[in-house]
Amino acid sequence: MTMQRTPLLISRLLDRGAWIAPETEIVTLTSCGTHRQTYADAAGRAAALANGLRDLRIEMGDRVATFMWNGWRHLEIYQAVPSMGAVLHTLNIRLAADDLRYIINHAADRVVFVDADLAPLLERIADDLPSVEHWVVCGEPGAEPWRSSLPNAIDYESFLDGFGKTVAWPEFDENAPLGLCYTSGTTGHPKGVMYTHRSTYLHTMCMAMTDVMTLSGADCALAIVPMFHAMAWGLPYTAMMLGAKQVMPHRFMTPDKLLELIVSESVTVAAGVPTVWQDARALLEAEPDRYDLSNLDRVGCGGSAPPLSLIRWFWERYRIEMIQGWGMTEMNPLGTVSRRVSKYAHRELDEEEQFANLGKAGLLSPGLEMEIVDEEFRPLPHDGRSIGEVIVRGPWVCSEYYRDPQPDRFHDGWLVTGDVAAIDEERYLIIADRSKDLVKSGGEWISSVDLENHIVALEGVALAAVVAQPHPRWDERPVALVVLAPGAKVSEADVRRHCTVRFARWQVPDDVLVRDALPLTTTGKIDKKALRAGLAAEGYVLPELRAVPGEPDAPAGPASSA
């Protein structure tokens with residue numbers, strides 16, 4: 001052994017921010033302005049919090065949950081709980097009561113921290129949570145004093161009072177559990193993924209890399225992605241490691257509030273799901289002179305694929321780079337990233353080639369391995385055309401679910417992701433769909449993702465989702481559901497005709513339904529399961545076979561593409 005064997009514990013990274021940038025601010029939006037504290041303040045409060053939890057007899061490996069918005073207290077808990085050796089369990093505030101009840105009981109959480117405005121959601125199920133011994137409520141500055149029926153609820157600030165603001169973080173095995181996140185789950189109960197100190201340490205460092213998010217201590221980072229969603233994609237931890245200024249929106253998530261924060265705090269990098277940036281674009285188009293975005297350099301976008309038209313719009317209008325990322329809760333969560341840079345230093349890509357790459361899910365993050373395979377787990381060619389299931393492995397990829405065996409999701413040391421994709425000659429990942437969302441028409445696959453991205457590029461269409469509907473001859477056919485921009489007049493024929501620009505006639509949706517809104521999942525993605533269920537409840541039936549507008553009559557099946 002020639003090198004020191006220092007365990008990769010997250011406390012070593014998180015302490016660095018307060019060490020190198022003690023006066024850098026953490027800013028949280030509140031109902032009466034902004035709350036500001038320094039990294040030095042945050043470190044002292046995190047130490048007091050850890051001391052308080054030890055006083056409650058919280059020990060190594062105990063689960064401590066949060067039911068909170070993005071904010072300064074949530075960040076203090078992010079630091080204190082894992083650093084003391086306990087497990088941070090971030091609860092999704094948008095889950096139904098039954099799912100919350102299952103998750104809290106399955107994790108056996110001993111302490112739950114909850115924002116006061118969210119407490120009523122937990123009051124309804126508190127009697128069904130036998131493992132929870134302590135409730136800590138976080139009131140909002142300037143608001144009325146909180147009241148709650150949660151048993152023996154403690155005020156967060158009162159809880160911290162009386163405990164010292166210094167602590168010696170313990171040293172332990174780097175493979176010890178750090179954080180617990182549950183997937184939203186499409187079938188059965190949500191599944192838990194237990195992150196370790198080693199996995200999160202390496203993921204945190206990877207996030208800062210130039211080819212990933214190019215984060216540095218000079219940045220001002222706005223995490224719009226919720227801190228309960230795969231730990232905000234790792235952004236809070238990376239920013240804390242670097243001593244970068246952090247801005248958090250708390251519950252104020254409307255486009256105007258977010259854009260005002262970006263302007264007033266000189267945000268340089270932000271991260272959120274595509275719907276966040278689509279809503280921001282709509283407001284920016286409606287009020288083009290209201291917001292000065294000159295400081296905003298790049299935005300991370302994940303959860304689902306952003307339309308290429310949205311990526312282009314932010315670049316062409318504001319020179320803001322939209323960085324598409326692909327990953328999942330099971331991957332801590334980062335997998336691939338697509339950047340608006342030439343891949344090879346010796347070969348310049350023109351703008352069209354760059355944007356073509358931005359429409360892909362991106363290149364593999366350092367440290368991970370990825371492959372596409374057929375049903376027999378045989379590797380497929382990386383030719384950009386062969387479609388297979390994506391499998392991944394690496395130091396921040398889970399090897400099992402927490403107390404929930406799912407053998408179909410793991411194969412010979414690989415995670416079976418459930419995504420269907422191609423890998424091209426330059427090793428870009430091109431997601432075709434989730435396996436459950438592909439449309440199989442006449443034995444041929446149709447990608448709902450490709451159709452959606454193309455439909456959203458049609459002027460006047462704000463959102464689009466494509467789902468399969470049963471067909472007596474072709475097994476399934478695609479149906480598009482769209483939300484139009486305010487005042488837009490786009491017909492079903494316009495959408496179907498637009499699809500013929502890129503797709504064969506048999507791939508064009510058989511029907512286009514205009515909706516006022518589309519349901520979203522708890523993580524901000526379009527909820528296709530809810531869409532399919534809604535169509536079934538309506539008794540929706542596909543219209544009789546019709547020709548694509550502007551084209552001769554032809555059957556709408558794969559044979560017609562010949």
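D424 is buried in this predicted model, because its relative accessible area is 6% (buried means under 20%, exposed over 50% and partly exposed in between, with a 1.4 Å probe and protein chains only). The residue lies in the loop between strand 20 (414–423) and strand 21 (429–434); helices (H or I, at least four residues) and strands (E, at least two) are DSSP runs numbered from the N terminus. A polar atom of the D424 side chain lies 2.8 Å from the backbone nitrogen of Y428. When residues up to four places away in sequence are not counted, D424 touches K360, H382, D383, G384 and I430, a contact being heavy atoms within 4.5 Å.

Residues are numbered from 1 along each chain as its sequence is written. The model is a predicted one, in which local features need pLDDT of at least 70, side-chain atom pairs count only at pLDDT 80 or more, and totals for chains, interfaces and linings use all residues, while side-chain values use heavy atoms, with hydrogens and water left out.

R319 is found in the loop between helix 11 (308–318) and strand 14, and counts as partly exposed because its relative accessibility is 48%. D412 occupies the loop between strand 19 (410–411) and strand 20; with a relative accessible area of 66%, D412 is exposed. A cis peptide bond, with omega about 5°, joins N332 and P333. P333 is in the loop between strand 14 (321–327) and strand 15 (334–338).

The chain as a whole has 15 helices and 26 strands. Its radius of gyration is 24 Å, which agrees with the value near 24 Å that a compact globule of 562 residues would have; the radius is taken over C-alpha atoms, and the globule rule is 2.2 Å times the number of residues to the power 0.38. The C-alpha trace spans about 80 × 60 × 50 Å along its principal axes. Of the 562 residues, 57% count as buried. Among contacts with a separation of 6 or more, 68% are between residues 24 or more positions apart.

The accessible surface of the chain is about 23800 Å², and carbon and sulfur atoms contribute 50% of this surface (Shrake-Rupley method, 1.4 Å probe). The chain has 53 positive and 77 negative charges, whose mean positions are 1 Å apart. Lys and Arg count as positive and Asp and Glu as negative, without His and the chain ends; each charge is placed at NZ of Lys, CZ of Arg, CG of Asp or CD of Glu.

Conventions:
A polar contact is a pair of N or O atoms within 3.5 Å; within protein, one must be able to donate a hydrogen and the other to accept it, and residues adjacent in sequence count only if both atoms are side-chain atoms.
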